[in-house]
Structure formats: C-alpha cells, structure tokens
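Here is a short report on side-chain packing and surface features. Keep the sequence and the model in view while reading.

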Amino acid sequence: MKAKLGIGALIVLFLAGLWLVAAPFAVGYQPRGASYVDATVNDLWLGGGIAALSFVALVVYAADALRDLARRGKHADS
C-alpha cells in the first residue's frame with residue numbers, strides 16, 4: 001500500500017511539473033513572440049526540475065522493483 005501511495009505521489013509531482021512548464025503558454029501570460037517574462041522563466045526552471053526529479057525517482061523505483069523480481073525468480077529456480 002505504501003508503495004502505491006509513493007508511486008501515485010511521484011506521478012502527481014511529474015504531472016505538476018509538466019503543467020508548470022506548459023502553463024505560461026496554455027494560460028497565456030507569456031506574450032507570443034516576446035522574450036520570456038520572469039514568471040515564464042521561473043515556471044520553466046521549477047517545473048522542469050520537479051518533472052525531472054520525479055521522473056528519475058520513478059525510474060529508480062522501477063529498476064529496484066525489477067531487481068527484486070529478478071532475485072525472487074532466481075531464488076525460486078534454486
């Protein structure tokens with residue numbers, strides 16, 4: 001149960017980071033053709049960082065889960 005809650009939190013964080021990256025353009029506070037305003041730069045850096053960290057954490061969790069499955073399979077064959 002704890003693992004599912006953790007995975008769910010990481011997925012929500014990943015989606016929130018993607019939203020922060022897309023928000024300046026989706027909501028429209030970044031004028032078209034203009035140089036990036038401070039809010040856009042902030043959203044891009046913060047959203048990109050959150051999305052990247054949560055994605056890395058998901059990949060690490062998946063690799064750990066696969067390693068555990070491989071160990072269980074190896075012990076079952078013995």
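A patch is built from residues with over 30% relative accessible area and no salt bridge, and nonpolar side chains are joined within 5 Å. The model discussed here is predicted.

**Surface patch**

W19, V27, Y29 and V37 make up a nonpolar surface patch. Y29 has 33% relative accessibility and counts as partly exposed.

The structure contains two aromatic pairs. In one of them, F14 and F55 are tilted, with 6.0 Å centre to centre and 40° between the planes. Why does this pair tie together parts that are 41 residues apart in sequence? F14 belongs to helix α1 (residues 2-27) and F55 to helix α2 (residues 38-77), so the pair links those parts. F14 is partly exposed at 23% relative accessible area. F55 is partly exposed too, at 46%.

A52 is a residue of helix α2. A52 and F14 are 38 residues apart in sequence, yet 7.5 Å apart in space, C-alpha to C-alpha. A52 is partly exposed, with 40% relative accessibility.

S54 also lies in helix α2. Is S54 buried or exposed? S54 has a relative accessible area of 4%, so the residue is buried; the cut-off is under 20%. Leaving aside residues up to four places away in sequence, S54 touches L10, L13 and F14. A polar atom of the S54 side chain lies 2.9 Å from the backbone oxygen of I50.

**Salt bridge**

How many salt bridges does a search of the whole structure find? The search finds one. R67 forms a salt bridge with D64, and their closest N and O atoms are 2.4 Å apart. Both residues lie in helix α2, three residues apart, which is about one turn of the helix. R67 is partly exposed at 44% relative accessible area. D64 is partly exposed at 29%.

**Accessibility at a glance**

| Residue | Relative accessible area | Class |
|---|---|---|
| F14 | 23% | partly exposed |
| F55 | 46% | partly exposed |
| Y29 | 33% | partly exposed |
| A52 | 40% | partly exposed |
| S54 | 4% | buried |
| R67 | 44% | partly exposed |
| D64 | 29% | partly exposed |

Definitions and conventions. Residues numbered from 1 in each chain as written. Predicted model: local features only at pLDDT ≥ 70, side-chain atom pairs only at ≥ 80, totals over all residues. Heavy atoms only, no water. Phe/Tyr/Trp six-rings, centres within 6.5 Å; stacked < 30°, edge-to-face > 60°. Helix = DSSP H or I, 4+ residues; strand = E, 2+ residues; numbered from the N terminus. Buried < 20%, exposed > 50% of the residue type's maximum accessible area, 1.4 Å probe, protein only. Patch = residues over 30% accessible without salt bridge, like charges linked within 9 Å, V, L, I, M, F, W, Y side chains within 5 Å. Areas by Shrake-Rupley, 256 points an atom, 1.4 Å probe, with all protein chains shown as cover. Salt bridge = Lys/Arg side-chain N within 4 Å of Asp/Glu carboxyl O. Polar contact = N/O pair within 3.5 Å; in protein donor to acceptor, adjacent residues only side chain to side chain. Contact = heavy atoms within 4.5 Å.
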